[in-house]
Amino acid sequence: MPDVEMTPELRRALLAWYDAERRELPWRGTRDPYRVLLSEVLLQQTRVDQALPYYRCFLARFPTVEALAAAGEEEVLEVWQGAGYYARARRLRQLALRVAREGWPQNREGLLELPGVGPYTAAAVASIAFGEPVAAVDGNVRRVLARVHAEPDPKPAWLERVAGAWLEPARPGDWNQALMELGARVCTPRSPNCAACPLAGLCRARAAPERYPAPKKRRAVNEARWALVLRAPGGVVLERRADGELAGLWGVPMGPGTAPPQAALARYGAGAVEAAGTVRHAFSHRRLVVHVFTGRAARGGEDPGGRPLSELDRKLLRAAGFE
Ligand code: SF4
């Protein structure tokens, strides 16, 4: 079937809907690339209502890209703690260091060279901050395009072609945001409100929108971990995580398996430990089942309030009765 053609009337209708119905969010209306980028990075893995306080806090602490570049990694992670997906914060700081040195690239190609910036984020920042006529396809736009075309399996190249053909070159940033807003507010995954949709007249999926796009089959993998929550003279034993999703943050000793090996107990000077239950925690593609053990260490210890901790480590401390 041929692609659905976006007519000038429907373009006007979608933009009019966006102008009247869009949520007033603090990053709307700005063309400051730093603010646009920060909002996009936060929204990559976080819902709008959860992202809002982090956006405000982050800007209050680091109001410019230069302020972020001047901050240490631990300071940045401290403000980000709780938002999850900490690699985003580390890459944002690396990006700031580069932009503070070399200035902002003014188009999508240049933005793609920055640390942590993928095709979607580059197109969003280029269109919103610099007015470049490039289409940005996030999960919301993907769903709208798939439904309007009744396409069960929208491939990246197809999405790029159709989104590019639909783009309104006079207002590319607003156009991209209008499609995203439509996906977030009207063409929602489970209960699309087709009666209120400005694109209803050309939509091929109205009879059964939930069938498009077809759900991806993805099985999250369960992984077993042990964690040691050890009381020590200075508080609780914490260490800086060196790799994985939580690299750069601090946390309790943790390792693969369902119980800590003797070598781990010896390393922290711990005697006998007791099982204190399990904690489940989901990352994007895997789930951890963490077996928590409590005990005492002969030396060391930190005040957990003084270190940037992940949500997982907060759960582990709570399971051990520490917070
Ligand atoms: S008519 Fe319904 S399914 Fe089609 S784009 Fe609008 S909300 Fe989505």
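Which residues surround the ligand? I looked this up in a predicted model, where local features need pLDDT of at least 70, side-chain atom pairs count only at pLDDT 80 or more, and totals for chains, interfaces and linings use all residues. Residues are numbered from 1 along each chain as its sequence is written, and side-chain values use heavy atoms, with hydrogens and water left out.

**Ligand.** I found Arg147, Val148, Val186, Cys187, Cys194, Cys197, Ala200, Cys203, Arg206 and Pro209 around the ligand, a residue being near a molecule if one of its heavy atoms lies within 4 Å of it. I sorted this shell into eight nonpolar, no polar and two charged residues, with Ala, Val, Leu, Ile, Met, Phe, Trp, Tyr, Cys and Pro counted as nonpolar, Asp, Glu, Lys and Arg as charged, and the others, Gly among them, as polar.

**Helix packing.** I noted that helix 2 (residues 33-43) packs on helix 3 (residues 48-61) at an angle of about 140°, with the axes 9 Å apart. That angle makes helix 2 oblique to helix 3. For helix 3 and helix 5, the axes come within 9 Å and cross at roughly 150°, and these two helices are therefore roughly antiparallel. Here angles under 35 degrees count as roughly parallel, over 145 as roughly antiparallel, 65 to 115 as roughly perpendicular and the rest as oblique; axes are lines fitted to C-alpha atoms, for helices over the stretch in contact, and angles run from 0 to 180 degrees between N-to-C directions. Helices (H or I, at least four residues) and strands (E, at least two) are DSSP runs, numbered from the N terminus.

**Backbone.** I recorded a cis peptide bond from Tyr212 to Pro213, with omega near -15°, and placed Pro213 in the loop between helix 11 (172-185) and strand 1 (221-232).
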